[in-house]
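Me: Got a model up here and want to talk it through. Can you start with the pocket lining?

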Amino acid sequence: MTSNSGGPMDLNSSEFVAENYVSQLLKKKGLDELVQVEEDMVHNIRRLDSDMQQLVYENYNKFLTATSTVRNMQKEFADMDKEMGSLAESMKKISSLSQDLCGVFSKHRESVRKLNDANKTVKSLQFIFNLPEKLLILFDEKNYTEAVKSFTLVKPKLNSYKNVASVASIYEESVEIIKQVEAKLRERMTNKNSSSEEVVEAVRLLGDLEVPMEELRTEIMLCWRENLSGELEKLEEASYLDVLEFVDSGCSAFLTNIALVTSLHSQLFARLNEHDLIELVDGLMQRLEQVVLRRFISDEQQQECAILVRALDRIYRRISASNHLLPGKTT
C-alpha cells in the first residue's frame, strides 16, 4: 500500500528519493549486506510483477465476460423489442377484427335470438306431441311419479295451445291418461294394504295434480273409518285362548293402526283442521272400550284373577300410550 507520508527514505512514501536511499545504504551497510538487500529487492520486484500480471489476467477475464454478457443482453433486448412490436401489431389486428365481428354479429343478433326462441318452442311442441305416448308407457309401467312429473312440466304450455286444432286432441288424450293415473293413485291411497310410504307418495302426487287436499282428506278419512271399524268388528267376533291373548294380539294391533292413522294425518294434512280426526279416534276408542269391557266380563268367571289383572294392566298401558298420540290430548 502506498503511503503519502514517511519521508524520502521510505520506499512506500510518495516523497521517496532513490539517491538518498542508496547513499544511506552505502554508508551504513557492508558489502554482504548490500548484496542481500539487492537480492531482496530483486525478489520483491519479481513477486510484485507476478502479482500484477495475475491481477491483470483475472480482471481481463472478468472484463471479457462482462463485455460478452452486455453484448448478449443488448441482442436479447433487441429481439424482445422486435417481438413486442410484432405483438403490438397483432393486438391491433385482433382489436380491429373484433370490432368488425361485433359489427357483423350485431346485425344478426336479433335474428339469432328469434331462431333460438323458435328452437325452444319447437322442442317444447315436440315434447307435447309425444306426451300421450309417453304418459301411456309410464302408466303401463305403473311409474306414476314420472307420469305426473311429465304432465305437470308441460301443463302450462298444453293449456296455452289446447285451442289449437293440432294440439286439442293431444290435450284430451293426455288429460284422459292423467285421469287414469289419478284414479290409480286414489286407489293406492285408500288401499288398506298400501304401506305408509305409498300413501304419502300418492297424496303428494295427487297434490301435484292440483287435487284439493280437503277432498283427499275426506276420502282417506272415510277409508280409515271403514277399515278401523271393520277391525273392531273382527276383534269382537274373533276367539282367543284367553284375555291376555285378546289384549296382546287383538287390541295391540288395533291401537297400532290408530297410532299409524294419527301419524299419517299429521304428516299429510298438518295445515287442515284436526277436528274430524279427533272425532274419529274418540269414537273408535269408545267402541274399543265397550269391546274390551264385554270381553273382560265374559271371561271373568272363566279366567284366574291374576290373568285378568295382568290383561287389564296391559290394555290400560297401551290405551294410555295411544292416547298421547292424539292431537289435543295430554293424558
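Predicted model: local features only at pLDDT ≥ 70, side-chain atom pairs only at ≥ 80, totals over all residues.

Me: How much space lies in the second largest pocket?

Reply: About 280 Å³. Of the 18 residues that line this pocket, Lys192, Trp224, Asn227, Leu260 and Val261 are the closest to its centre.

Me: Which helices each supply at least two residues of that lining?

Reply: Helix 4 (165-190), helix 5 (196-208), helix 6 (213-237) and helix 7 (243-268).

Me: And where does the largest share come from?

Reply: Helix 6, with six residues of the lining.

Me: Switching to His265. Where is its place?

Reply: His265 sits in helix 7.

Me: Is His265 buried or exposed?

Reply: Buried. Its relative accessible area is 0%, and a residue counts as buried when that value is under 20%. So His265 falls in the buried class because 0% is under that cut-off.

Me: What does His265 touch, leaving out residues up to four places away in sequence?

Reply: Arg217, Met221, Trp224, Ala270, Asn273, Glu274 and Leu277. Trp224 has come up already: that residue is one of those closest to the centre of the second largest pocket.

Me: OK, zoom out. How many helices and strands are in the protein?

Reply: Nine helices and zero strands. From the N terminus on, the elements run α-α-α-α-α-α-α-α-α.

Me: What share of the residues counts as buried?

Reply: 25% of the 331 residues.

Me: And what does the accessible surface come to?

Reply: About 23000 Å² for the protein. Carbon and sulfur atoms account for 55% of that surface.

Me: Contacts next. Taking residues at least 6 apart in sequence, what share of contacts joins residues at least 24 apart?

Reply: 63% of them.

Me: Last topic, aromatics. How many aromatic pairs does a search of the whole structure find?

Reply: One. The partners are Phe139 and Tyr144.

Me: What is the geometry of the Phe139 and Tyr144 pair?

Reply: Tilted. The rings are 6.1 Å apart, centre to centre, with 50° between the planes.

Me: Are Phe139 and Tyr144 buried or exposed?

Reply: Phe139 is buried, and Tyr144 is buried too.

Definitions and conventions
Residues numbered from 1 in each chain as written. Heavy atoms only, no water. Phe/Tyr/Trp six-rings, centres within 6.5 Å; stacked < 30°, edge-to-face > 60°. Buried < 20%, exposed > 50% of the residue type's maximum accessible area, 1.4 Å probe, protein only. Helix = DSSP H or I, 4+ residues; strand = E, 2+ residues; numbered from the N terminus. Contact = heavy atoms within 4.5 Å. Areas by Shrake-Rupley, 256 points an atom, 1.4 Å probe, with all protein chains shown as cover. 1 Å grid on protein atoms, 1.4 Å probe; cavity = no way out; pocket = protein on both sides within 12 Å on 5 of 7 lines; lining within 4 Å. Points joined across faces, edges and corners; volume = space filled by probe spheres on them.
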